[in-house]
Protein chains: 2
Amino acid sequence: MNQQYPSKLLERAINEFTKLPGVGRKTALRFVLHLLRQDIDSVESFGNSLIQLKNDIKYCQICHNISDTDVCQICSNPNRDSSIVCVVENIRDVMIIESTQQFRGLYHVLGGVISPMDGIGPNNIKINSLIERVNNNEIKEVILALSTTMEGDTTNFFIYRKLESANIKISTLSRGVSIGDELEYTDEITLGRSIVNRTQFNGQI
Amino acid sequence: MNQQYPSKLLERAINEFTKLPGVGRKTALRFVLHLLRQDIDSVESFGNSLIQLKNDIKYCQICHNISDTDVCQICSNPNRDSSIVCVVENIRDVMIIESTQQFRGLYHVLGGVISPMDGIGPNNIKINSLIERVNNNEIKEVILALSTTMEGDTTNFFIYRKLESANIKISTLSRGVSIGDELEYTDEITLGRSIVNRTQFNGQI
């Protein structure tokens with residue numbers, strides 16, 4: 001439908017919203033009409049929060065996570081175990097792992113994975129700074145927590161080869177049946193891996 | 001999940017997005033991470049487009065539709081029939097009816113319907129300006145195109161009583177079976193109405 005908008009300003013705001021992932025013209029119109037019903041202060045606060053975010057956001061000098069300061073809250077926290085570094089693809093993965101409350105080490109955000117198809121090579125992501133970090137600090141273990149895609153596996157292997165000589169433990173997330181999953185719907189490779197890597201049962205999940 | 005965000009700026013931008021209808025924290029995070037990947041010019045353009053929209057938008061002095069000018073494109077178009085006024089609830093309804101390309105008259109945007117439950121009375125919406133408009137202009141027909149809800153029907157009736165003495169034609173949208181609908185799934189009131197108001201069949205839909 002070639003929609004005619006009654007106002008250029010409205011049209012421009014709608015066009016901006018449709019650039020967001022998963023937002024079509026109808027949703028964008030709904031957003032814009034909602035904003036028009038708010039007072040001017042709310043809308044200015046909305047618009048400025050985005051501009052300020054983009055202008056003032058910093059990336060941690062150590063782990064490259066998003067941060068308000070030069071070194072992020074996690075890297076600067078003395079209660080965290082700085083000898084374990086968990087390598088992740090992006091800042092969302094940091095948030096997801098943090099929400100499990102099961103990890104007390106530090107992170108290293110690569111900002112992507114090696115993907116020749118998309119023109120992303122080892123030098124386009126933060127692999128060199130990871131190698132430097134491992135070489136210059138007392139790090140005992142690197143956990144590779146990347147996606148189980150071909151690109152993730154390639155990146156895992158690349159990092160593994162670079163760190164092989166560093167005499168540290170390199171681990172990956174355990175693969176296995178998801179909690180709550182039925183065996184029937186688990187793929188064979190995962191199921192096979194979870195039999196090979198079976199864990200001792202002590203009466204608790 | 002009580003999510004910890006790595007940055008206050010990020011958290012603020014996410015909070016602003018969650019105020020939009022149908023946007024939760026996960027979607028808001030996705031939007032914000034998307035914006036962080038854009039260059040600063042794009043983000044400034046986005047933010048400023050919202051602020052400018054709210055600051056500079058005008059409402060047509062005649063029909064109260066959104067407009068960039070004091071009188072909107074529809075009201076100022078000499079090719080439209082100014083003797084027919086279609087009364088709608090909001091500016092979205094104008095766009096929907098315009099997209100049918102079946103109406104060449106003008107509009108009147110009430111900005112809501114009478115809803116005592118929400119504290120909206122006849123004076124909170126643009127009914128008085130409709131009455132004035134009908135009394136001071138050569139208007140032959142008013143089409144009431146409000147929602148078929150209790151509030152819409154109440155508003156229809158209120159306007160009808162106010163315009164009764166004006167000696168003009170007052171009509172509403174025809175009710176009936178939707179094109180593409182199966183009779184089986186049509187509610188009885190609509191089906192009953194569409195039998196009473198059956199139209200002559202001339203071999204075409």
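Chain A is divided into domain 1, spanning residues 8-56, and domain 2, spanning residues 66-172, with bounds that come from an automatic or database domain assignment. The centres of domain 1 of chain A and domain 2 of chain A, taken over C-alpha atoms, are separated by 34 Å. The structure is a predicted model, in which local features need pLDDT of at least 70 and side-chain atom pairs count only at pLDDT 80 or more, whereas totals for chains, interfaces and linings use all residues. Residues are numbered from 1 along each chain as its sequence is written, while chains are lettered from A and ligands numbered from 1 in the order in which they are written.

The confidence of the predictor in each residue is expressed as pLDDT, from 0 to 100; its average over chain A is 88, and 97% of the residues score at least 70. Within chain A, the highest confidence is found in strand S4 (residues 105-109), at 95, and the lowest in helix H7 (residues 188-196), at a mean of 80. For the complex, the predictor gives an ipTM of 0.78 and a pTM of 0.76.

Helices (H or I, at least four residues) and strands (E, at least two) are DSSP runs, numbered from the N terminus. Contact between two residues is assigned if their C-beta atoms, placed from the backbone, lie within 7 Å, and 49 residues of chain A are in contact with 49 residues of chain B. On the side of chain A that touches chain B, at least two residues each are supplied by H1, H2, helix H3 (40-56), strand S2 (66-67) and helix H4 (91-100) of chain A, and the largest share, 15 residues, comes from H3(A).

A residue is termed buried if 20 or more other C-beta atoms lie within 10 Å of its own, exposed if 12 or fewer, and partly exposed in between, with C-beta atoms placed from the backbone. In helix H1 (residues 8-18) of chain A, the residues A:Leu9, A:Leu10, A:Ala13, A:Ile14, A:Glu16 and A:Phe17 are buried. Seen down the axis of H1(A), these buried residues fall within an arc of 160 degrees, so they line one face of the helix; the arc is that of the directions from the helix axis to the C-beta atoms. The cover over the buried residues of H1(A) includes helix H2 (25-37) of chain A together with helix H3 (40-56) and strand S2 (66-67) of chain B.

In chain B, an open sheet of 4 strands runs in the order S4-S3-S5-S6, with parallel pairing, where two strands pair if DSSP finds at least two bridges between them. Strand S4 (105-109) and strand S6 (169-172) of chain B stand at the edges, and because each has a single partner strand, one side of each is left without a neighbour in the sheet. Strand S5 (residues 141-144) of chain B pairs in the parallel sense with S6(B) over 4 bridges, and S3(B) and S5(B) likewise pair in the parallel sense over 4 bridges. B:Leu144 has B:Thr172 as its bridge partner in S6(B), and in S5(B) the bridge partner of B:Val87 is B:Leu144.
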